[in-house]
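This report describes one protein chain, starting from a pair of its side chains and moving out to the whole fold.

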Amino acid sequence: MGLFDDLKAKLGPVKDKVGGLVQQHGDKIGQGLDKAARVVDAKTDGKYSSQIRTGTGKAKEALVRLADSDGAGDAKGSAGGKDGGAGSGTS
């Protein structure tokens, strides 16, 4: 067994646990991402709004993938916020 296989085997249970937490608290995580994006956007006077929206959207997509990898089919709405849209409400 190679190094990568060992690492993958050890991280499997952690990924499952994190996926479960994302399923349970995805809406709160999404709200936190939106709030952080608004704060950063305000601090930069909107100069980087596009990049902030893109980053927020990608983070939410990663949450959805993480929650889905745990085996739940309906987790997409929970991690993406109320409307499930990536990056919504950040500007």
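D34 counts as buried, at 12% relative accessibility. Buried here means under 20% relative accessible area, with exposed being over 50% and partly exposed in between (1.4 Å probe, protein chains only). K60 is also a buried residue, at 2% relative accessibility.

| Residue | Relative accessibility |
|---|---|
| D34 | 12% |
| K60 | 2% |

The side chains of D34 and K60 form a salt bridge, with 2.8 Å from N to O. The two residues are 26 apart and link distant parts of the chain: D34 lies in helix α1 (residues 3-43) and K60 in helix α2 (residues 49-68). A salt bridge requires a side-chain nitrogen of Lys or Arg within 4 Å of a carboxyl oxygen of Asp or Glu. By this rule the count is one salt bridge.

The model is predicted: local features need pLDDT of at least 70, side-chain atom pairs count only at pLDDT 80 or more, and totals for chains, interfaces and linings use all residues. Residues are numbered from 1 along each chain as its sequence is written, and side-chain values use heavy atoms, leaving out hydrogens and water.

The protein chain has three helices and zero strands, in the order α-α-α from the N terminus. Helices (H or I, at least four residues) and strands (E, at least two) are DSSP runs, numbered from the N terminus.

Of the chain's 91 residues, 25% count as buried. Its accessible surface is about 6,100 Å², and 58% of that belongs to carbon and sulfur atoms; the areas come from the Shrake-Rupley method with a 1.4 Å probe, and for residues only the protein chains shown count as cover.
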